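The following note comments on a single protein chain, point by point. Please read it alongside the sequence and the model.

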Amino acid sequence: MQGQSADPGARPRRTRRPGRHPVRLRHHRQPAAPMTAGDITAWGPASTPAGLFRLVPVRVERDLPLLARWMNDPAVAAFWGLSGPPALTADHVRAQLTADGHSVPCLGVLDGTPMSYWEIYRADLDPLARHYPARPYDTGLHVLIGAAGDRGRGLGSTLLRAVADLALDNRPAAPRVVAEPDLRNTPSVAAFLKAGFRFFAEADLPAKRAALMVRDRSLRHVL
């Protein structure tokens, strides 16, 4: 399960498919409310059926070797497009760290072992907001599972639910958590559905046709 970034600065622009129309209904612009590494750290751990999980903000000098290794896994590279020298991954992560406080890149640490990469961001202040009816303080996420042995056994959906719950618990102004996995990535889409997200729409993003997935605060205990 890989749910990749849709950052247009990191990927070449893709021509819209004939006969397809992106979802562009309305776009709310809110004053920037920075989402900081300290905020994410304060979320604390989440107890999950797989173990104790926490998000740890990335430090490039510490985490680059691990992240670059994951990005060069063919299963990850197919959707993230960051295979190659470590500098490519470093540039991507640093762009998140300097994105005006809209995005925090993190390692997902399960029982003390780093095993996934996450980007937690203000979706309503992201270019994604041009492609769906964004609401103020919508929280977005991107995710990849690093080790091949951690994929395909339901761990992705467990962690997606845990991170969405952490976001909703700690960001009371956020009405929902959103994501936009590649529509071709059926295991990722299935993991989001199993984690309590609902399919909202398809959208043409700069680098992919995406499945817009939403986990609503109002439905979190129903789905």
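1. Terms and basis. In this note a residue is called buried under 20% relative accessible area, exposed over 50%, and partly exposed in between, with a 1.4 Å probe and protein chains only. The model is predicted, so local features need pLDDT of at least 70 and side-chain atom pairs count only at pLDDT 80 or more, whereas totals for chains, interfaces and linings use all residues. Residues are numbered from 1 along each chain as its sequence is written, and side-chain values use heavy atoms, with hydrogens and water left out.

2. Overall architecture. The protein chain contains six helices and nine strands; helices (H or I, at least four residues) and strands (E, at least two) are DSSP runs, numbered from the N terminus. Of its 223 residues, 53% are buried. Contact here means heavy atoms within 4.5 Å. Among contacts with a separation of 6 or more, 70% are between residues 24 or more positions apart. The chain exposes about 9,700 Å², of which carbon and sulfur atoms supply 56%; accessible areas come from the Shrake-Rupley method with a 1.4 Å probe, and for residues only the protein chains shown count as cover.

3. Nonpolar cores. A nonpolar core is a set of buried Ala, Val, Leu, Ile, Met, Phe, Trp, Tyr and Cys residues joined through side-chain atoms within 4.5 Å. The largest one has 33 residues, and within it Leu55, Trp118, Ile120 and Leu141 touch the most other members. Helix 5 gives the most to this core, namely nine residues. A second, separate core has 17 residues, including Phe79, Leu82, Val93 and Leu144. In soluble globular proteins, nonpolar side chains tend to be buried together.

4. Helix 5. This helix covers residues 155-170, and its 16 residues should span 22 Å at 1.5 Å a residue; the end C-alpha atoms are 22 Å apart, in agreement. The expected span is 1.5 Å times one less than the number of residues. Among the buried residues of helix 5 are Leu155, Leu159, Leu160, Val163, Leu166 and Ala167.

5. Helix 2. How far apart are the end C-alpha atoms of helix 2? They are only 14 Å apart for twelve residues (60-71), short of the 16 Å that a straight helix would reach at 1.5 Å a residue. The buried residues of helix 2 are Val60, Asp63, Leu64, Leu66, Leu67, Ala68, Trp70 and Met71. These pack against strand 3 (51-57), helix 3 (74-80), helix 4 (86-97), strand 4 (103-110), strand 5 (113-122) and strand 6 (139-145).

6. Salt bridges. The structure holds 14 salt bridges, each defined as a side-chain nitrogen of Lys or Arg within 4 Å of a carboxyl oxygen of Asp or Glu. In one of them, arginine 59 meets glutamate 61 at 3.5 Å, N to O. Arginine 59 is partly exposed at 43% relative accessibility, and glutamate 61 is exposed at 65%.

7. A buried pair. The side chains of aspartate 138 and arginine 176 form a salt bridge at 3.1 Å, N to O. Aspartate 138 lies in the loop between strand 5 and strand 6 and arginine 176 in strand 7 (residues 176-179), so the pair ties together parts 38 residues apart in sequence. Aspartate 138 is buried at 0% relative accessible area, and arginine 176 is buried at 2% relative accessibility.

8. The closest N and O atoms of arginine 215 and aspartate 165 are 2.8 Å apart in their salt bridge. This pair links distant parts of the chain, with arginine 215 in strand 9 and aspartate 165 in helix 5, 50 residues apart. Is arginine 215 buried or exposed? Arginine 215 is buried at 1% relative accessibility, while aspartate 165 is partly exposed at 21%. Salt bridges that share partners join Asp165, Asp169, Arg215 and Arg220 into one network.

9. Backbone angles to check. Aspartate 111 is not a glycine, yet has a positive phi of about 50°. Aspartate 111 lies in the loop between strand 4 and strand 5 and is exposed, with a relative accessible area of 52%. Tyrosine 137, likewise not a glycine, has a positive phi of about 70°. Tyrosine 137 is placed in the loop between strand 5 and strand 6 and is partly exposed at 25% relative accessible area.
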